[in-house]
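Welcome! Open the structure in your viewer, keep the selection tool at hand, and let us walk through it stop by stop.

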Amino acid sequence: MASHTFLSLLLFYLYSFHLLRPIYCSFGSNGFETTSVPKEEEFSEELLLKPLPDYKVLAHFHFTSTSPPSSSNGKHHHLFPKSIAQLVKKYKIRELELSFTQGRWNYDRWGASDPLSTANGKPPGVELWALFDIPTKEEIDATWRNLTHSLSGLFCASINFLESSTSYSAPLWGFLPNNGDLRYGALPREAVCTENLTPWLKLLPCRDKAGIASLLDRPSIYRGHYHSQRLKLRSDGLNGIVIEQTLSVVLQPIDRTSWSMHQLFKKSLTGKCALAKSSKVFLEIEGNLVSQNENILELVGEADMVTNDQRDHSTIYQYNVERYSEHEALDIRVNWKKLLQVSFLQAPLHASRFLMGSGNERGSIAISLQSARNSTKGLYDNSKNCFTRVVIFQVVPWYVKVYYHTLRIYVDGAIRDAKDVVEKINVAPSEDKVSPGTLEMMLQFPCGMMSAALTLDFDKGFLHIDEYPPDANQGFDIPSALVSFPDFISRRIYPDSISSPLLQSYKGRNIVKSYTEVLLVPLTTPDFSMPYNVITFTCTVLALYFGSMVNVLRRRVSEEERLAKSKDKRKPGLIPLLISKISNKVRGIKEDSANQSQSSQPILGPKVVFKVVLIALIAVLGHYIFNSS
Amino acid sequence: MEVAEVEAEVEKKATATRSRLIVRLAALLVSHSTLVSVVCCLAGLIALLVLPLLAKNTYISENALLPGSANPVLSYQHVTQANNLIMDIMSIADDKQAPDIEIPKLIAKYMEILGAETYHHKFSQPQNQFHPLYFFSSSPNSPPTLANLSYGTSTVGIIRAPRGDGKEAIVLVSPYNTQNAGGIDASASASSIGLAFSVFSLLSRATWLAKDIIWVASDSRFGDHTSVSAWLNDYHNPNFIGDASSTRIFKRAGTMACGIVFKVVEKERREKYEDRDVVTLYAEASNGQMPNLDLLNVVHYLAVHRQGIRVRIGMFGGLVKSHLVRVLGEVMQQVGRFARSLNPDWRFEMPSSEYVEGTATLASSIYSQALGVPTGPHGAFRDYQVDAVTLELSPRFSLKNEHTRLAFLLKGGRLIEGTVRSVNNLLEKFHQSFFLYFLTAPNKFVSVGVYMIPFAFLVAPLPIIAASLFNLTSNRNPWRWLHTAKPLLITHTWSVVVTLLPFYISKISDLPSTHCMLTWAGGSLMALVILYIVFGSPYSKHVEWRLLKAVMIASVSIGLCLMSIINFATAQIGALFVVPMCLFALPIRVKTNNSLIRSMVMTCNLVMAVLGFPVTAVALMQGVIKGFGTVSILEFWDSMKFLWGWNSATYLYLVLVHLPCWLLFLHILFHPCR
């Protein structure tokens, strides 16, 4: 093992000469971090720790692997995960993001408009989107289906449920501007556990054996309040393939006022992954925590570098993991000296979504947007020409039949005509058992607005018996909606002296966005436990009722009598006569008994009753004596 | 009836053609209709009386609930914090400085310390307006008028489950009264808040939560139910128009999985010495809806087997002392003993005291369901298909003593913690156990399959009697019943008018209830007279009394069956009144041979004509239940107002089924018999 590490170290040092080149940057258009064009595969690992205002800690692991467009090794890879490279090649993926999330990102308390929270906030469950480099729609759909199956196998998750056309959609601009080559799907109910983490770690060159990933102690990271594990990849001819693997966890320190890395993870960081180009730990402190009063926080552990971003929003303490070893582990300790209620940068509008109405028949989805400011002043100013744009992207399963014409928009407690507010709208109505409904909507609100609400009415559909999931009785999920604010960019620019893929990604033009809650719609659910009872019971009742009813309605007594009389007159043939004679003989006995029962009134005289009672009494007495003896 | 007619003809000419077995059976039943009806009615009554014997022990049906599988972790630390809150509330209440503003603020402050999201929900007293068109729909979504000075303020706190997805929520409700903050039950009222707070503070640190927790400290100045129902209405049907500030602060937490309402009540006068703390369960929601039996089972299991709290449910104390019930109990015991001696496997022997208690509890259960009025704030939840239950905790010792209070809070808190934990374990909504049941003891229930039997026996003779009466008429025309349909139509039109009259009467403000009652009666009489003038007398020459009775029985049986679907208990009690009326109805002027039977029937008829009148029937029912000393016929208007205030279908039953039945009964009674 040691020799292996040594060999790789040696290799790394050899190659590192090639890497000492100036890095030139250009901003990507879609929020991706920009990189140089490396000649060789690279890997870097970073960890960002950030104290949150409610005394929790955000730990953000960030691993980047790059593969040059034309590898000198042909199909073989040195550091880069082969499975991903094959995936990209086979399915012609331009961009892909897969996230596994448990818990909810608290936009109110953990921040909503800084780049970290914009990137971190993901809907619960699994979210997958991909951009393909394929011309026709049919081919894209087919590729998507294959992709879901591949990823499902790769990550031990039921991503293959996104294969069905009822579960994914193709938004045009609500999620990400594209030319129809984007596919988006979400599985809100997917549970996230270690079985998803292990394959994710396998993509790292050192797995979790060395370096920053060795901090990932399962019990401590799954104890957190929020857990989001992501894989984001981008491939083009210029840069080759870049994958970013990130894992964000929000942890609650045992002692609210003081925590250290060792306490949080129950493990210590003893050195870097030998294959990593860079291995750094950052501690980010929001500006208003430090600049206001230097005495709120106390840091134990000397940082290698301390920088602020351009607009002094935050301070970054950088620690190079290389310096630490088994003898001297890296352990950052933060002490809160004062307990403060500080709020982070809020999104311009706080979005929440909820269901209205009750019952199994219909309801409404409401999205409410509230200005983050509590003062009576609105967003920025009340001038007439100031508008805030809001983009809402929402996918609704087909069994929730949304009537899009019922869209009502309320601004500050007054209903507004949709024409005045909606700037752009794209609706793909759902088709039963074929496709989900997709709503993309760009709204324009006056800046002075305090609150707005949108409602959409829906009917609850009926499912076929085999479409019910095993736990249908909880209800059905509507995946999170995405609310984004195209006028608001979250970016932080740090001095170039820090070369870090993580901080580079902060420089991109990330649009401020937030996901809403998942909704649970109770649908009518048949009682699967007793279909047999219900079927037999109803069938019996219906058969009895309809049988006798039809019989009575159809029958004409006088006609029958006439027919019977005419039958008597007519001489029957030989064979029918024989049959009737035989049947009469058989029936004769029955008929007699039937007649007896019908005329049983005189027979049921006192004598018979007396006899019956006598026999019953004798039987009871006999039983009594027999039992008592 | 056509069936019967055809059958009759078939019977007459039965010699030539053979009819089918089922037809012959029906014909047999019709020909012995008197015997059948007597046997059925007796069987129905006996089955009703035997119900307490047939009750089964409750059991937890949903395995996922796992009640009591985790040790309660509510500690003295939580309870002491809660005690601090109680002391603070009491000191504010003693100061008498606007407690209705200060107490919500204080509760919100305490909630915020725990890291909960907090807001105040303001509501005003709803106008208890009767509107016939909104009967079965939810209450009309009228904009709340906070303009009038008095409004209540509920404080709501939400804990987000740390790793939950926020799809579901458990609601805890603790009512308290700010108006009466300095009153006699002030310490109990503050203790409800304290109890909720102790559980809430525990849950705010719990890592096992899968569902969000909402705590509503509801202001019960207009009654416990009003505040909860106002909050639930705003939760489910927010009003975006108008003052946006209230909708702005309103926070939600997904679909509700369950509601638990709890309040502490300190009994001042103690009837008998209690050796334990007592929790009383209230479960009946509007129109006889019940929460899932599993919810009650969980509370019962945790209270009895984990915390050692005694569980009670509603019971009519008067029936326990009643001699009739005691004698019945003795009879049942003897019968059970005899049956067991016959066959040791027949184990339905029950001690008479147990039978008496079971009967009293069952009567209370049937009565509260039949009334169709919720017995507590949990009723508001059921209107939104959320299972909920009210726990009324009464301590064994006084709450004034701090030590006993802490011990009581710990016990009650652990009960609620366990219940929350069980519901939290649930992956699905409550669906496994019964929704239709009567309780005969906290751990005994009568399921729908059993309690339907007495009603079925009572209703079964009605169609048979109708068919036999139809056969007995002299007229042979198959459409002869059409003439009798006219009085039926008139009667039912009249009953609809009577139903709607209170709506217009209640619009005239400031009338004392006696005047309202008289106006209602007068209006109804006038409507009847007008209807007769317009449509003619009900006694035209084609209207035979037998036909009239047959038609009346048919319409009543339809009404009863419909009502049994809406609210079974109402139909059950109603059948006890209506079925004898239907069976015994006989004109005074009819001539019969046996004068003894005739005089007996006539006496019964006259008694029923008096007792069957809805006003007296309601008074009789209340008298049986609550004792006759408190009942007055003049209170009928108030009790009806109470019913329609709660949107109870019992009102509709009384006026649309019972009243026309009674009127037709009178018609038959005074039939000229030409």
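Is B:Cys516 buried or exposed? Select B:Cys516: its relative accessibility is 5%, so it counts as buried (buried means under 20% relative accessible area, exposed over 50%, partly exposed in between, with a 1.4 Å probe and protein chains only).

Before moving on, note that this is a predicted model, in which local features need pLDDT of at least 70 and side-chain atom pairs count only at pLDDT 80 or more, while totals for chains, interfaces and linings use all residues. Residues are numbered from 1 along each chain as its sequence is written, chains are lettered from A and ligands numbered from 1 in the order in which they are written, and side-chain values use heavy atoms, leaving out hydrogens and water.

**Stop 1: chain A as a whole.** Colour chain A by secondary structure to see 16 helices and 26 strands (DSSP runs numbered from the N terminus: helices are H or I with at least four residues, strands are E with at least two). Of its 629 residues, 49% count as buried.

**Stop 2: the disulfides.** The whole structure holds two disulfides over all chains (a disulfide is a pair of cysteine sulfur atoms within 2.5 Å). Select A:Cys206 and A:Cys273, which are joined with an S to S distance of 1.6 Å. This pair links distant parts of the chain, 67 residues apart: A:Cys206 sits in the loop between α6 and α7 of chain A, and A:Cys273 in the loop between α8 and β10. A:Cys206 is buried at 13% relative accessible area, and A:Cys273 is buried at 0%.

Next, select A:Cys386 and A:Cys447, whose sulfur atoms are 1.7 Å apart in the other link. They lie 61 residues apart, with A:Cys386 in the loop between β16 and β17 of chain A and A:Cys447 in the loop between β21 and β22. Look along each S-S bond: the link of A:Cys206 and A:Cys273 is right-handed, at 65°, whereas that of A:Cys386 and A:Cys447 is left-handed, at -75°.

Finish at α14 of chain B, residues 402-425.

How values were computed
The expected span of a helix is 1.5 Å times one less than its number of residues.
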